[in-house]
Amino acid sequence: MEEMRYMPDTSNRPLIGQGAGVPQAPATLNPDMQVFQNRLLFAASDAIVTQWERLSSWVVAGFAAALALIMSNYAQVIEMTSPGTVKAILRMFVAVTVLHIIQRLLATMVQAGAASGKEAGTVKAPEMSQEQARLMLDGMAGAMWWPIRPLVRASYRRMIAGDITHVGTYITYMAQGSMVAALLQMLLGVWAVVRLWGALHI
């Protein structure tokens with residue numbers, strides 16, 4: 001990330017603890033500190049998605065195994081519950097599957113961003129002008145497929161403008177979105193168990 005040293009800090013956000021409505025000097029964070037902040041955000045985001053990915057994988061695997069058991073013993077299950085309950089559980093499984101796909105997509109983007117940020121921090125970049133940096137980042141964004149390409153390109157434009165930490169912040173947002181998707185999967189799994197238990201005629 002050494003190539004970002006020439007970029008100005010354009011942040012006008014107030015420092016923590018400054019009073020609202022009171023004129024303050026613009027907050028400044030030098031490029032080295034912005035790069036360091038990005039690395040911290042990348043590391044935290046990678047840890048978040050890794051931990052929640054494991055938990056959600058167990059939930060999906062357990063849900064799929066339970067559903068397979070229900071369907072393989074459908075006649076016996078219907079005697080103990082109602083077809084409506086089985087249909088409701090099937091809908092929950094579909095919802096869990098969709099959420100799991102979204103979570104894995106977000107987690108993949110987070111892990112890719114964290115890996116590239118870590119790699120960039122270990123390589124000394126050549127000196128380059130702002131125009132050369134723009135061309136390099138545009139070329140990297142061009143390698144992405146839609147709908148990731150416009151998101152990455154917008155992030156790179158903000159980096160060129162001097163907001164280096166925007167990328168780390170964006171990666172952290174995606175990590176939290178992945179965490180919410182994983183949490184919803186677990187809640188649906190618990191709801192399915194409660195629904196089935198309450199409908200059993202035993």
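Guide: Helices α1 and α6 are roughly parallel to each other, a label given to angles under 35 degrees, whereas angles over 145 count as roughly antiparallel, 65 to 115 as roughly perpendicular and the rest as oblique. The angle between α1 (residues 31-72) and α6 (residues 165-199) is about 20°, and their axes lie 8 Å apart. Axes here are lines fitted to C-alpha atoms, for helices over the stretch in contact, and angles run from 0 to 180 degrees between N-to-C directions. Helices themselves are DSSP runs (H or I, at least four residues), as strands are (E, at least two), numbered from the N terminus. The model is a predicted one, in which local features need pLDDT of at least 70 and side-chain atom pairs count only at pLDDT 80 or more, while totals for chains, interfaces and linings use all residues. Residues are numbered from 1 along each chain as its sequence is written, and side-chain values use heavy atoms, with hydrogens and water left out.

The contact of α1 with α6 involves 20 nonpolar residues, 12 polar and no charged. In this division Ala, Val, Leu, Ile, Met, Phe, Trp, Tyr, Cys and Pro count as nonpolar, Asp, Glu, Lys and Arg as charged, and the others, Gly among them, as polar.

Within α6 one finds Gln185. Gln185 is buried, its relative accessible area being 0%; buried means under 20%, exposed over 50% and partly exposed in between (1.4 Å probe, protein chains only). Apart from neighbours within four places in sequence, Gln185 is in contact with Ser56, Val59, Val60, Val96, Leu99, His100 and Gln103, contact meaning heavy atoms within 4.5 Å.

Helix α6 also packs with α5 (residues 148-160): their axes come within 8 Å and cross at roughly 145°. On the α5 side Leu151, Ser155, Arg158 and Met159 take part, and they meet His166, Val167 and Tyr170 of α6. The residues of this contact are four nonpolar, two polar and one charged. Ile148 also belongs to α5 and is partly exposed, at a relative accessible area of 27%.

The whole structure contains one salt bridge, defined as a side-chain nitrogen of Lys or Arg within 4 Å of a carboxyl oxygen of Asp or Glu. The partners are Glu53 and Arg104, whose closest N and O atoms are 2.7 Å apart. Since Glu53 lies in α1 and Arg104 in α3 (residues 83-122), the pair ties together parts that are 51 residues apart in sequence. Glu53 is buried, with a relative accessible area of 15%, while Arg104 is partly exposed at 36%.

These helices belong to a protein with six helices and zero strands. Of its 202 residues, 33% count as buried. Among contacts with a separation of 6 or more, 81% involve residues 24 or more positions apart.
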